[in-house]
Amino acid sequence: PRAVVGQPYSYDANATDPAGAADPLRWSLTQSPGGMSVNVNSGVVTWASPTAGSHDVVLRVIDGDGGADTQSFTLRVLDIDAGGPYTVLEGSSVDLAASCTVCDRFEWDLEGNGSFETTEQNPTFRGNDGPATPQVTLRVCAGAGTTNCITEQPSVTVNNGAPTFVATPRTSATIGQQYVYVAAATDPSGD
């Protein structure tokens, strides 16, 4: 199981007793991080302000006749930071810097298409054309698959770069002859 720093955590534990409703169940936490609690009657575990890291939890259930069982698990609380804000001049690049507590994978969607094509913690983003505020998304995961993942979108701004002349005009002309200068320039985005 996983939780996210800044988001309340809840887990609805379930157990059965052979005596059914005639033997009401009572719940307790025998090991848990500070601030975590369980409703003694319903078995709902809550933690209003999870802290980053891996936390061992042991949940105990008892019936009225002395029967008991425990459930142990490690709750991984993710703390994600996609960094930023990032600013880059069109045609240039900027290094993105992400951090995450208890994450196994970093995946970036640098093209805004949902494909998460870059699988490194600190990739390089190229600002192709500005001015623009492209949608960039970081997805971090704890474990295999995508069910234990969270996303964050850093602020990315691509600023317009001024074009630059690449041709030099002739500075002299001959009377009676047509003066021709073909101006040429480049733009950082290739426009």
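Strand β8 presents a covered face, made of Tyr86 and Val88, and an uncovered face, made of Thr87 and Leu89. In a regular strand, side chains alternate between the two faces of the sheet. Strands here are DSSP runs of E with at least two residues, numbered from the N terminus. The model is predicted: local features require pLDDT of at least 70 and side-chain atom pairs pLDDT 80 or more, while totals for chains, interfaces and linings use all residues. Residues are numbered from 1 along each chain as its sequence is written, and side-chain values use heavy atoms, with hydrogens and water left out.

**Strand pairing**

Strands β8 and β15 run parallel and are joined by four bridges; two strands count as paired if DSSP finds at least two bridges between them. Within this pair, Leu89 stands opposite Asn159 of β15. A separate topic is the open sheet of three strands, ordered β11-β13-β14 with antiparallel pairing. Its edge strands, β11 and β14 (149–152), each pair on one side only. From one strand to the next the twist averages 20°, where axes are lines fitted to C-alpha atoms and angles run from 0 to 180 degrees between N-to-C directions. The antiparallel pairing of β13 with β14 comprises four bridges, and Cys149 in β14 is the bridge partner of Cys141.

**Thr137 in β13**

Thr137 lies in strand β13. Thr137 counts as buried because its relative accessibility is 7%, the limit for buried being under 20% relative accessible area (1.4 Å probe, protein chains only). Its side chain makes a polar contact with that of Gln153 at 3.0 Å; such a contact is a pair of N or O atoms within 3.5 Å, one able to donate a hydrogen and the other to accept it, and residues adjacent in sequence count only if both atoms are side-chain atoms. Beyond neighbours within four places in sequence, Thr137 is in contact (heavy atoms within 4.5 Å) with residues including Trp108, Phe116 and Thr151.

**Nonpolar cores**

A nonpolar core is a set of buried Ala, Val, Leu, Ile, Met, Phe, Trp, Tyr and Cys residues joined through side-chain atoms within 4.5 Å. The largest has 22 residues, of which Leu96, Trp108, Phe125, Val136, Leu138 and Val140 touch the most other members. At least two residues of this core come from each of β7 (68–81), β8 (86–89), β11 (105–109), β13 (137–141) and β15 (156–159). Apart from it lies another core of 14 residues, among them Ala3, Val45, Phe73 and Val77.

Terms used: Buried means under 20% relative accessible area, exposed over 50%, partly exposed in between (1.4 Å probe, protein chains only).
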